[in-house]
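Here are a few notes to read alongside the model, written for someone meeting it for the first time. Please keep the picture open as you go.

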Amino acid sequence: MNKKLVATLSGGAVLLMALSGCSGDDNDSKVNDWAKKVCDQVQPQLKKIADANTSIQQATSDSSKPADVQTADAAAFQSISQAYKSLGAAVNSAGAPPVTDGEKTQQEAVKELNSTAASYEGLKTKVDELDTKDQAKFADGLKDVADELATLSKSGDQALQKLQSGDVGKAMAKQPGCQKPTVGGASASPTTAGSER
């Protein structure tokens, strides 16, 4: 019923889950210290996002009742929203990274993370308002939510990409806390599921 939603959501956290992509010989201890400060707080949030993806996948089958799907999706969006808020707080509390334009980069990343949190909160509200008594209406409403989610997952990631570039990105990639969490089941790699579509 909402397989598109599952695929889109799985791809939605690509940016945050892909922190482990690069490595380098960055000996700048200040940058590494900053990355550790952020990454120590990132891992629980990445796990929360991965767990939310999994709960949506588990609630999604052709035989799923609309009310069950609604409950699972709303809870997942709430959880993802809180995770993004916490990520914003982590970047904010770490202070500006010790690089050129570090303060601007930090502020833009925090603003973007908070904006993403608000968008997921909005999706939760939309899911809560869907009519579960009419399966066709519910499916249509879910399609609209999936479309909005696809837009959300594609847009507005420039500030985060900038945060994860250069010396800061290399330093973050080395931190265990910024590594992709392992996800049980068939979707061990949430970074690829959404990008195939």
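1. Helices here are DSSP runs of H or I with at least four residues, numbered from the N terminus. This is a predicted model, in which local features need pLDDT of at least 70, side-chain atom pairs count only at pLDDT 80 or more, and totals for chains, interfaces and linings use all residues. Residues are numbered from 1 along each chain as its sequence is written, and side-chain values use heavy atoms, leaving out hydrogens and water.

2. Thr105 counts as buried because its relative accessibility is 4% (buried is under 20% relative accessible area, exposed over 50%, partly exposed in between, with a 1.4 Å probe and protein chains only). Beyond its neighbours within four places in sequence, Thr105 is in contact with Lys162 and Leu163 (contact means heavy atoms within 4.5 Å).

3. Next, look at Asp101, in the loop between α4 and α5. Its phi is near 60°, a positive value in a residue other than glycine. With 47% relative accessibility, Asp101 counts as partly exposed.

4. Helix α6 (residues 135-154) holds Asp144, which is partly exposed at a relative accessible area of 48%. The C-alpha atoms of Asp144 and Leu123 are separated by 9.9 Å, and the two residues are 21 residues apart along the chain.

5. Finally, how do helices α3 and α4 pack, and at what angle? Helix α3 (residues 29-59) and helix α4 (residues 66-94) meet at about 175°, with axes 9 Å apart (axes are lines fitted to C-alpha atoms over the stretch in contact, and angles run from 0 to 180 degrees between N-to-C directions). The pair is therefore roughly antiparallel (an angle over 145 degrees).

Conventions
Helices (H or I, at least four residues) and strands (E, at least two) are DSSP runs, numbered from the N terminus. Angles under 35 degrees count as roughly parallel, over 145 as roughly antiparallel, 65 to 115 as roughly perpendicular and the rest as oblique.
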